[in-house]
Amino acid sequence: MDFFKKLWQQVSDFWLSRNKVQKIKISLSAFFIIGAVGFLVFLLNRPTYAPLYTNLDAKDAGEIVKKLDDEKIAYKLADNGRTIMVDPKQVYKTRLMLAQEGLPKGGVMDFSDIFNKTKLGTTDWERQLQYNQALQGELTRTIEEMAEVDSARIHIVQPEKSLFIETGPKSEPSAAVFLKLKPGAQMTEEEVRGIINLISHSVEGMKPENVTVIDDYGRILSNIPLTEDENTKEVINSQLAIQNNFQKQLQANVQSLLEQVFGPGNVVVRVSAKLNFDKKIVENKLFSPVNKDTGEGILRSVQDLREHFTGTGNVPGGTPGVAANVPGYQQVNGGNSDYQKTEVTKNYEINETHENLTIAPGAVDRLTVSVVVNRTLNDNDKDAISRLVGNAIGYDPQRDQISVEGMTFNNDLVTAMTKEMTSLQQQRAKQRNLALTVAGLMAALLLGTFGFKAIQRRRQREEERMARELAEAQAAAAEQAAAQTAENTKDDIYANIEKLARRNPEDVARLLKTWLNED
């Protein structure tokens with residue numbers, strides 16, 4: 001308690017000792033500090049939200065909000081209600097809970113909605129409409145699974161079925177697809193063709209050409225070949241490739257044949273082929289008699305009708321026709337009559353043959369071959385070459401044409417190129433020899449360097465060995481000299497002591513006594 005009184009007294013004394021300006025500064029500083037601390041506490045304690053779903057349809061957003069209210073889950077709306085945000089800790093749990101309820105639906109109806117909303121008394125037209133909406137929703141969800149598609153809308157139009165009205169070609173079902181692509185994404189022809197086939201095979205009676213696909217820029221994406229046969233660009237490229245390969249093959253055959261006779265480089269051959277890529281289907285019905293000698297077939301049935309009448313009665317007379325009976329009539333005279341009629345009908349069976357021939361595309365319509373030989377040719381030579389070429393290409397006089405000419409070739413370019421290639425080969429040979437020489441010198445230099453270093457290391461090791469042996473010899477000599485010096489010194493000491501004892505025996509005796517007394 002005394003501590004708080006002392007603290008309060010110190011604060012009061014400090015406050016009273018300040019002037020007015022200092023008091024204002026202290027008050028403002030305290031106010032700002034308290035405000036900053038309070039704002040920081042507010043930020044720390046403020047609830048945070050994370051996106052649960054974005055870009056929602058209004059119908060889906062309403063159903064999700066209603067479900068969150070029923071579950072008493074706090075949420076926040078953003079982006080004009082298209083984005084729903086919840087506590088970050090509850091995002092995944094809430095998504096799983098909504099997924100069990102089939103939310104979000106993407107703003108479309110599916111078949112589960114039909115079964116859940118079926119009512120008693122629903123008419124056939126209403127059921128057909130609900131089925132159509134559910135089919136559109138299922139196809140929309142399927143297309144939105146594609147990587148390039150952000151969202152999709154599908155509109156299917158199906159003709160009304162009737163038992164009394166025959167549907168015509170204008171009553172075929174059709175569909176329109178709107179695609180909103182992701183930023184930077186592009187749909188390939190194969191993907192668009194896949195969407196068209198998906199819809200046409202999902203709707204009964206729908207043809208692929210009745211499906212229209214557009215993107216969010218209004219571009220029609222369905223103007224593409226729907227089958228490989230309709231892909232004109234690929235068909236033309238394939239036909240050109242086949243024709244070029246055929247021409248090259250014939251040209252190579254003729255070239256190799258003539259070069260065996262005139263030598264390589266003395267013959268030039270060019271082949272131009274016109275191929276027919278039309279596909280034809282021919283159906284033939286052939287009728288032939290069974291017996292080729294008589295021209296008759298097998299007798300299948302015979303009908304023999306005979307009539308005979310004999311008796312008295314009126315016999316018809318007069319001239320047939322109207323002119324003879326107008327204005328009067330021919331009188332009929334009485335008498336005996338005799339009437340006979342014979343009718344025989346024979347039915348024969350003959351051979352009937354049905355042939356269906358499919359003429360594959362690629363037949364040869366025309367071949368044109370030009371041959372030039374590097375020499376002068378007479379007519380006999382030209383005819384012989386033409387016969388050889390014709391036999392090699394399957395020549396048809398009514399269809400093909402072969403041209404053979406003899407003339408001297410201009411080989412200036414070939415000679416210049418040969419010289420240039422020879423010069424280039426010589427330069428390359430010189431460069432290769434120079435490179436080999438430099439490589440050999442470098443290898444010799446490296447070998448010499450390594451050999452010199454090896455000899456130097458060997459010499460150094462020999463010098464070190466000799467230095468060690470010399471040092472050992474010097475050490476041994478020094479030890480021997482030291483031992484000899486020590487022995488000589490001892491002999492000198494003994495000699496000096498003996499001389500001193502002889503000169504001053506009394507002093508030596510006193511010194512010895514003193515040493516003995518000390519011990």
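**Before you start**

This is a predicted model, in which local features need pLDDT of at least 70, side-chain atom pairs count only at pLDDT 80 or more, and totals for chains, interfaces and linings use all residues. Residues are numbered from 1 along each chain as its sequence is written, and side-chain values use heavy atoms, with hydrogens and water left out.

**Stop 1: helix α1**

Select residues 2-16, which make up helix α1. Helices (H or I, at least four residues) and strands (E, at least two) are DSSP runs, numbered from the N terminus. The expected span of a helix is 1.5 Å times one less than its number of residues. For the 15 residues of α1 that gives 21 Å, and the end C-alpha atoms are 21 Å apart, so the two agree. Now colour by accessibility, where buried means under 20% relative accessible area, exposed over 50%, and partly exposed in between (1.4 Å probe, protein chains only). Helix α1 is hardly covered, with a count of one buried residue among its 15.

**Stop 2**

Together they form an open sheet in the order β1-β3-β2, with antiparallel pairing. Two strands pair if DSSP finds at least two bridges between them. The twist averages 40° from one strand to the next; axes are lines fitted to C-alpha atoms, for helices over the stretch in contact, and angles run from 0 to 180 degrees between N-to-C directions.

Here is what to look for along the pairings:

- Four bridges join β2 to β3, with L77 standing opposite I84.
- The hairpin of β2 and β3 has four residues between the strands, and D79 there takes a positive phi near 55°.

Now bring in the helices. α3 lies across β1, β2 and β3, at about 20° to β3, while α4 lies across β1 and β3, at about 10° to β1. In α4 (residues 91-100), pick T94. Is T94 buried or exposed? Its relative accessibility is 3%, so T94 counts as buried. Contact means heavy atoms within 4.5 Å, and, leaving aside neighbours within four places in sequence, T94 is in contact with L52, L68 and I73.

**Stop 3: the nonpolar cores**

A nonpolar core is a set of buried Ala, Val, Leu, Ile, Met, Phe, Trp, Tyr and Cys residues joined through side-chain atoms within 4.5 Å. The largest one has 23 residues, and I143, L179 and I199 have the most contacts inside it. To see where it comes from, select α6 (124-144), β4 (149-157), β5 (174-181), α7 (189-202) and β6 (211-215), the elements that give two or more residues to this core. Centre on I199: not counting residues up to four places away in sequence, I199 touches L139, I143, I154, A175, V177, M206 and V211.

**Stop 4: salt bridges**

A salt bridge is a side-chain nitrogen of Lys or Arg within 4 Å of a carboxyl oxygen of Asp or Glu. By this rule the count comes to seven. Visit three of these pairs:

- K66 and D70: the closest N and O atoms are 3.5 Å apart. Both lie in α3 (residues 58-71), and being four residues apart they are separated by about one helical turn. K66 is exposed at 54%.
- E190 and R193: here the closest N and O atoms are 3.0 Å apart. Both residues lie in α7, three residues apart. E190 is exposed at 56%, whereas R193 is buried at 12%.
- E172 and K207: their side chains meet at 3.1 Å, N to O. This pair links distant parts of the chain, with E172 in the loop between β4 and β5 and K207 in the loop between α7 and β6, 35 residues apart.

**Stop 5: S370**

Finish at S370, found in strand β12 (residues 363-373). S370 is partly exposed, at 33% relative accessible area. Leaving aside neighbours within four places in sequence, show V268, V269, R270 and S403, with which S370 is in contact. Then draw a distance to E405: S370 and E405 are 35 residues apart in sequence and 8.2 Å apart in space, C-alpha to C-alpha.
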